[in-house]
Amino acid sequence: MKRDRQYFIQLIKDLWIASRPFSLTLAVASTTIGILVAYRQGLIQANFIDISKILMITVAGILAQLGANFINDYFEGSFRYHRPAGRKIVFLGVERTYFDVLVFLCGMASFVGAAGLGLLLVLMSSWKLLIIGFIGIIGSYAYTGEPFVYKRRGLGVPLSFLLMGPLMVYGAYFPFSMSFSWEPILIAIPPSFFIPALMLSNEMRDFTRDSGLSLGTLSVRIGSEKSRKLYASLVFGAYILTVLYVVLGLYSWAALVVLFTLPIALKAYKAVSTFKGLGIPYTNNVHWTFNLIIILSLLVSK
């Protein structure tokens, strides 16, 4: 009994690691920004339908990213560093451990959950949302999922920006507006720069391994020095663009509080430049603090 309990606890811990819960701030930030733009435009009312939409949009975004995280762990095998290999079975034509299979099934279940909520939102808004949701889920799977694996085609960094930045923000905005608007897309650009920066920090951590295996990630394709410059352009470009947005009136003056997070960004850049793992948590820290300030500035300027 004690052994079974310990095994179950270890299993939960391993699934927690595979889910990468601290990265889910990416989805929460993007969906929140889209919802806030709709709120600022007077498209959200304090009624049951709109509150239900807010909850479904947020959970669907989290599930879509959760699915991507599990699928990434399944195909790249990072969870192997946290538990014994265990017994193996043939799954999808390849020998895999039972835990491998569980990680894959958790990923697919997350996508199914996101799709289910998406279909409900389609019924409550417009069929056009179906296109946005389809692109989002397929894109989330294809990041490292076979047979696509666009990360190894050097597309992981740019597509992560498009899919989890402007597309996810617009997808969160659309159920309330049911029409096209450039505003949520433009508002989302500065904080969304940290999404590809986080993906790039991941690639830079694995640079030596990926180079040795001839994996075609963007970092491997452009080299270490250009990877550093691209990372710096994304992170510090977000601050420059924020100042420009304030001058142009797209952001309120409250958005300038993000400048106080520059020391965190500098720390992240120094960590990423060493091509070691610390760059990932540091980049995630600057992402969520920057996004939180932008979100609060959008709220106070309503």
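Tyr-231 touches Ala-197, Leu-200, Ser-201, Met-204, Ala-268, Tyr-269, Val-272 and Thr-283, leaving aside residues up to four places away in sequence. Contact here means heavy atoms within 4.5 Å. Before going on, the basis: this is a predicted model, in which local features need pLDDT of at least 70 and side-chain atom pairs count only at pLDDT 80 or more, while totals for chains, interfaces and linings use all residues. Residues are numbered from 1 along each chain as its sequence is written, and side-chain values use heavy atoms, with hydrogens and water left out.

Back to Tyr-231. Together with Tyr-239, Tyr-231 has the most contacts inside the largest nonpolar core, which has 64 residues. A nonpolar core is a set of buried Ala, Val, Leu, Ile, Met, Phe, Trp, Tyr and Cys residues joined through side-chain atoms within 4.5 Å. Buried means under 20% relative accessible area, exposed means over 50%, and partly exposed is in between, with a 1.4 Å probe and protein chains only. The largest share of this core, eleven residues, comes from helix H6. Apart from this core lies another, of 16 residues, and among them are Leu-11, Ile-71, Phe-104 and Phe-111. As background, in soluble globular proteins nonpolar side chains tend to be buried together.

Next, helix H7, residues 183–192. Helices are DSSP runs of H or I, at least four residues, numbered from the N terminus. Why is H7 described as largely enclosed by the rest of the structure? Because seven of its ten residues are buried. Those buried residues are Pro-184, Ile-185, Ile-187, Ala-188, Pro-190, Pro-191 and Ser-192. What covers them includes helix H2 (25–40), helix H6 (156–177), helix H8 (194–205), helix H11 (224–248) and helix H13 (279–300).

Take the pairing of H7 with H11. Their axes come within 8 Å and cross at roughly 140°. Axes here are lines fitted to C-alpha atoms, for helices over the stretch in contact, and angles run from 0 to 180 degrees between N-to-C directions. On the H7 side, Leu-186, Ile-187, Ile-189 and Pro-190 meet Ala-238, Leu-241, Thr-242 and Tyr-245 of H11. By class, that contact has seven nonpolar residues, one polar and no charged. For those classes, Ala, Val, Leu, Ile, Met, Phe, Trp, Tyr, Cys and Pro count as nonpolar, Asp, Glu, Lys and Arg as charged, and the others, Gly among them, as polar.

H12 is next, residues 262–273. Its twelve residues should span 16 Å at 1.5 Å a residue, and the end C-alpha atoms are 16 Å apart, which agrees. The expected span is 1.5 Å times one less than the number of residues. In H12 the buried residues are Ala-265, Ala-268, Ala-271, Val-272 and Ser-273, and these pack against H8, H11 and H13. After H12 comes Phe-275, with a positive phi near 60°.

Now the charged pairs. How many salt bridges does the structure hold? Three. A salt bridge is a side-chain nitrogen of Lys or Arg within 4 Å of a carboxyl oxygen of Asp or Glu.

One of them joins Asp-73 and Arg-20, with the closest N and O atoms 2.3 Å apart. Asp-73 lies in helix H3 (48–76) and Arg-20 in the loop between helix H1 (2–19) and H2, so the pair ties together parts that are 53 residues apart in sequence. Asp-73 is buried at 0% relative accessible area, whereas Arg-20 is partly exposed at 25%.

Another is formed by the side chains of Arg-96 and Asp-100, at 3.7 Å from N to O. Both Arg-96 and Asp-100 are buried.

Glu-225 and Arg-228 also meet in a salt bridge, at 3.2 Å from N to O. Both are in H11, three residues apart, about one turn of the helix. An α-helix has 3.6 residues a turn, so residues three or four places apart point the same way. Glu-225 is partly exposed at 42% relative accessibility, and Arg-228 is partly exposed at 21%.

Last, some backbone details. A cis peptide bond joins Glu-146 and Pro-147, with omega about 5°. Pro-147 is in the loop between helix H5 (128–142) and H6. Val-149 is also found in the loop between H5 and H6. Its phi is near 45°, a positive value in a residue other than glycine, and Val-149 is buried at 7% relative accessibility. Met-178, in the loop between H6 and H7, has a positive phi of about 55° although it is not a glycine. Met-178 is partly exposed, at 40% relative accessible area.

How values were computed. Helix = DSSP H or I, 4+ residues; strand = E, 2+ residues; numbered from the N terminus.
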